[in-house]
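Visitor: Could you take me through the aromatic side chains here, ring by ring? I would like the geometry and the cut-offs behind it.

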Amino acid sequence: QAQLLESGGGLVQAGGSLRLSCAASGSIFDINVMGWYRQAPGKQRELVATITSNARTNYADSVKGRFTISRDNAKNTVYLQMNSLTPEDTAVYYCNADLKTYDSRWYLDYWGQGTQVTVTS
């Protein structure tokens, strides 16, 4: 089994910055892609950014140039640096990882519990 624990959410004014962290723990054999998704009230969960184990990144158009995803493979941790935040970025942010544990034959999708990001105007 594995767990994802997010931290770093909070309340910030428009134009401000926040940094989210997500650490994977447990009997992890390997982690493939890690990423961040978000869900605003009344909307579907959407991709924010992903990063592969060799640091290839992908971003939603809405966050390109403002958000940066990074990863520390030695710590099984993924980060999301969010700059120039706007009220439209307000959402619950979820960490995601495609990983394999020692007791599994397959890579499985894991999710964190979510962390609230609120941007005020």
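Guide: Of the 121 residues in the protein chain, 42% are buried, where buried means under 20% relative accessible area, exposed over 50% and partly exposed in between, with a 1.4 Å probe and protein chains only. This is a predicted model, so local features need pLDDT of at least 70 and side-chain atom pairs count only at pLDDT 80 or more, while totals for chains, interfaces and linings use all residues. Residues are numbered from 1 along each chain as its sequence is written, and side-chain values use heavy atoms, with hydrogens and water left out.

The protein chain has zero helices and eleven strands; these are DSSP runs numbered from the N terminus, with helices being H or I of at least four residues and strands E of at least two.

Now to the rings. A pair of aromatic rings is described by the distance of the centres and the angle of the planes. Rings of Phe, Tyr and Trp (its six-membered ring) pair if their centres lie within 6.5 Å; planes under 30 degrees apart count as stacked, over 60 as edge-to-face and the rest as tilted. The count by this rule is two aromatic pairs. In one, the ring centres of F29 and Y102 are 5.5 Å apart and the planes stand at 80°, so the pair is edge-to-face. F29 belongs to strand 4 (residues 28–39) and Y102 to the loop between strand 9 (91–101) and strand 10 (108–111), so this contact ties together parts that are 73 residues apart in sequence. F29 is partly exposed at 47% relative accessibility, whereas Y102 is exposed at 59%.

Y37 and W111 make an edge-to-face pair too, with 5.1 Å centre to centre and 65° between the planes. Because Y37 lies in strand 4 and W111 in strand 10, this pair ties together parts 74 residues apart in sequence. W111 is partly exposed, at 36% relative accessibility.

Back at F29, K100 lies over the ring face, 4.9 Å from the ring centre. A charge sits over a ring if NZ of Lys or CZ of Arg is within 6 Å of the ring centre and within 35 degrees of the ring normal. The charged end of R45 likewise sits over the ring of Y94, at 3.7 Å from its centre.
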